[in-house]
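Here is a friendly walk through a protein model, meant to be read with the structure open beside you.

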Amino acid sequence: MTSSNDASASPVLPYQGRGSLKGRTLLMSGGSRGIGLAVATRAARDGANIVIMAKTGEPHPKLQGTVFTAAEQLEAAGGQALPLVGDVRNDGDVAAAVDAAVERFGGIDVVINNASAIDLSRTDEIDMKRYDLMQDINVRGTFLLSKLALPSLRKAAQDGRGAHILTLSPPLNLDPKWAGMHLAYTMAKYGMSLTTLGLAEELKNDGVAVNSLWPCTLIDTAAIRNMPGGAQIVQAARTSEIMADAAHAVLTGAHLGPDPDRPASNTGNFYTDEQVLRAAGVSDFRPYSLGVPEEKLVPDIFL
């Protein structure tokens with residue numbers, strides 16, 4: 001299971017990006033910590049402009065990081081950051097974030113749908129408030145942020161800057177196993193993935209690429225570490241930097257190989273981190289792990 005909580009310290013990693021996000025403007029939901037912050041930090045190292053809209057304006061009692069400390073980290077890494085306290089479930093907050101990104105940086109080149117809620121309870125046990133929370137954040141929030149950013153993304157594509165919507169959601173695996181294990185969460189995550197599928201088709205003639213990205217293995221996050229036995233569980237996980245490097249490869253086209261001018265190959269895909277990084281030239285994934293042999297890593301769900 002994957003969450004957007006908590007980033008890990010970055011070791012020397014095998015991915016060597018051939019492209020750059022310098023001067024590009026990214027608008028991300030969530031991102032105060034975890035996978036989202038790692039993805040944003042990798043972009044900041046290129047000199048990207050990053051707008052983060054997240055709920056965490058004040059320190060959380062159990063989870064480190066706020067939208068403001070995230071912005072400090074991004075600027076220290078070499079980017080420009082605009083931290084916004086907002087809730088992806090709130091139409092006004094999302095519209096204000098889009099407007100603020102355009103006003104501050106002149107447009108939006110990339111939308112990253114990172115915000116997500118997780119509850120793996122089975123149907124008998126799921127609280128309907130948690131069900132609604134996952135639907136509102138995962139499905140509605142992804143749809144809303146993508147929808148409101150479309151005018152700016154189309155303009156970026158028309159201006160030749162390239163435009164992309166990248167959603168952290170799994171492949172649409174219709175093996176009944178996944179729906180049977182945690183139906184409410186599966187519906188919510190697959191709703192995000194259906195947004196990728198539908199928007200890729202809807203925008204295929206507008207020059208806006210739309211893709212999803214998902215990790216092959218468990219990712220070390222604070223949310224998992226806070227679970228019973230979490231400190232031991234994450235020993236069989238990879239760091240969030242593998243998702244950061246994979247997202248960078250997708251957004252710069254580094255995973256497309258020798259023919260990056262094939263637009264059909266760069267939209268409507270459900271990528272995994274390993275798939276993308278192998279295509280970008282990575283063959284040794286051990287530096288992303290916390291020490292266990294590769295064969296003992298815990299696979300992520302939905303694959």
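R140 is partly exposed, with a relative accessible area of 37%. This is a predicted model, so please read every value here as computed from it. The partner of R140 is D91: their side chains form a salt bridge with an N to O distance of 2.8 Å. Because D91 belongs to helix α3 and R140 to helix α4 (residues 128-158), this pair ties together parts that are 49 residues apart in sequence. D91 counts as partly exposed too, at 38% relative accessibility.

## A buried pair and its network

Across the whole structure, a search finds 15 salt bridges. Another one to look up joins D109 and R24, at 4.0 Å from N to O. What does this pair tie together? D109 sits in the loop between α3 (91-105) and β4 (110-113), while R24 is in the segment before β1 (25-29), so the bridge connects parts 85 residues apart in sequence.

Are these two residues buried or exposed? D109 has 3% relative accessibility and R24 has 15%; both count as buried because the cut-off is under 20%.

The pair also belongs to a network of salt bridges that links R24, D109, K155, D159 and R161. R161 is partly exposed at 33% relative accessibility, and D159 is partly exposed at 43%.

## The seven-stranded sheet

Now let us turn to the strands. Seven of them make an open sheet with parallel pairing, in the order β3-β2-β1-β4-β5-β6-β7. The edges are taken by β3 (80-85) and β7 (269-272); each has a single partner strand, so one side of each is left without a neighbour in the sheet. On average, neighbouring strands are turned by 20° against each other, direction ignored.

For a look at one pairing, find β4 and strand β5 (residues 163-167), which run parallel and share four bridges. Here V111 stands opposite I165 in β5.

## Helices on the sheet

Which strands does α4 touch? This helix packs on the sheet against β1, β4, β5 and β6 (208-214), and its direction makes about 165° with that of β4. Helix α6 (residues 183-202) packs on the sheet as well, touching β4, β5, β6 and β7. The direction of α6 makes about 155° with that of β6.

Technical notes. Residues are numbered from 1 along each chain as its sequence is written. This is a predicted model: local features need pLDDT of at least 70, side-chain atom pairs count only at pLDDT 80 or more; totals for chains, interfaces and linings use all residues. Side-chain values use heavy atoms; hydrogens and water are left out. Helices (H or I, at least four residues) and strands (E, at least two) are DSSP runs, numbered from the N terminus. Buried means under 20% relative accessible area, exposed over 50%, partly exposed in between (1.4 Å probe, protein chains only). Two strands pair if DSSP finds at least two bridges between them. Axes are lines fitted to C-alpha atoms, for helices over the stretch in contact, and angles run from 0 to 180 degrees between N-to-C directions. Contact means heavy atoms within 4.5 Å.
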